[in-house]
Amino acid sequence: MSHDNSQHPELSATIGLKDLGTVHRLGFGAMRIVGDGVWGEPADRKAAVAVVRRAVELGVDFIDTADSYGPNISEEILAEALHPYRDGLQIATKVGFTRTGPHEWVPLGRAEYLRQQTELSLRKLKVDALDLLQLHRIDPKVDPEEQFTVLRDLQKEGKVKALGLSQVSVAELEEAGKYFTVSTVQNRYNLTDRSSEDVLNYAEENGIGFIPWAPISAGELSRPGGPLDAAAQRLGATTSQVALAWLLRRSPVMMPIPGTGSIRHLEENLAAAGVVLDDTTYAELEAAR
């Protein structure tokens, strides 16, 4: 059972991002179009290209990727699939991790590395300026000032239009804001992990787009007979669609980016924009932890 309007899905509401412009809030995450462990080539590159193209055909105008997805491969697939880019399509990427193998992520925030990776992302995505560059992690071994300053400089040089951060605290958001305008923040957030509630509230109060990673993760809540499953049954939707619908209702700055390597799952995820949670269902899910 699923909420099926896959051929002409209802588009999600929009959000205006600082320094960037307006995009639909339900986007696409390009982490899963590469190999297992977010490492290497996908099993079927043509299929990955097809998924990306289908996302844009269905109205997606915000895609999130990173230099470390592959590494490099996700950005290269996006360029292969979409360049020259449709007007209004915004591609966000991230720098700040180096990869030492499948499932291995090492923060690296030296200014020269962040600059090098930004230059490489420009080349891989085939653009003169990145739409949105996010610091994938603040490197605890490098002075935050060094990391924030190089991002600010890249924006001043016209190589980046908008800037954001990933997996940070409110205090880190406030500190970064002394160096540049924060357009987005990308923290883990879903029905079962709301540890970034304070960051979400700060984002809402300050007009910052909040991109929840792992948006569909629901654990025990999605078990047969559980609250998410029960809501899905009532609404004629999938548990994933209900989880996304809950996020979209949770805050006007919420920007879920569910990722997949499957066109079927892509269409199912995007159809979540048409799932409307009644007040009772929303309250039940809000209370479920």
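Which residue caps the N-terminal end of helix 4? D143 does, with a side-chain oxygen 2.9 Å from the backbone nitrogen of E145. The model is a predicted one, in which local features need pLDDT of at least 70, side-chain atom pairs count only at pLDDT 80 or more, and totals for chains, interfaces and linings use all residues. Residues are numbered from 1 along each chain as its sequence is written, and side-chain values use heavy atoms, with hydrogens and water left out.

Helix 4 covers residues 144-156; helices (H or I, at least four residues) and strands (E, at least two) are DSSP runs numbered from the N terminus. Its 13 residues should span 18 Å, and the end C-alpha atoms are 18 Å apart, so the two values agree. The expected span is 1.5 Å times one less than the number of residues. After helix 4 comes G158, whose phi is positive, near 80°.

The protein chain as a whole has ten helices and eleven strands. Its radius of gyration, 18 Å, is close to the 19 Å that the globule rule gives for 289 residues, so the chain is as compact as a globular protein of that length. That radius is taken over C-alpha atoms, and the rule is 2.2 Å times the number of residues to the power 0.38. Buried residues make up 57% of the 289. Of the contacts (heavy atoms within 4.5 Å) between residues at least 6 apart in sequence, 75% join residues at least 24 apart.

Side chains of opposite charge can pair when their charged atoms come close. Counting a salt bridge as a side-chain nitrogen of Lys or Arg within 4 Å of a carboxyl oxygen of Asp or Glu, there are 18 in the count. One joins D193 and R188 at 2.9 Å, N to O. D193 counts as buried because its relative accessibility is 18%, whereas R188, at 25%, is partly exposed.

Another salt bridge pairs E284 with R234 at 3.1 Å, N to O. This pair links distant parts of the chain, helix 10 (residues 279-287) and helix 7 (residues 227-235), with the partners 50 residues apart.

Notes. Polar contact = N/O pair within 3.5 Å; in protein donor to acceptor, adjacent residues only side chain to side chain. Buried < 20%, exposed > 50% of the residue type's maximum accessible area, 1.4 Å probe, protein only.
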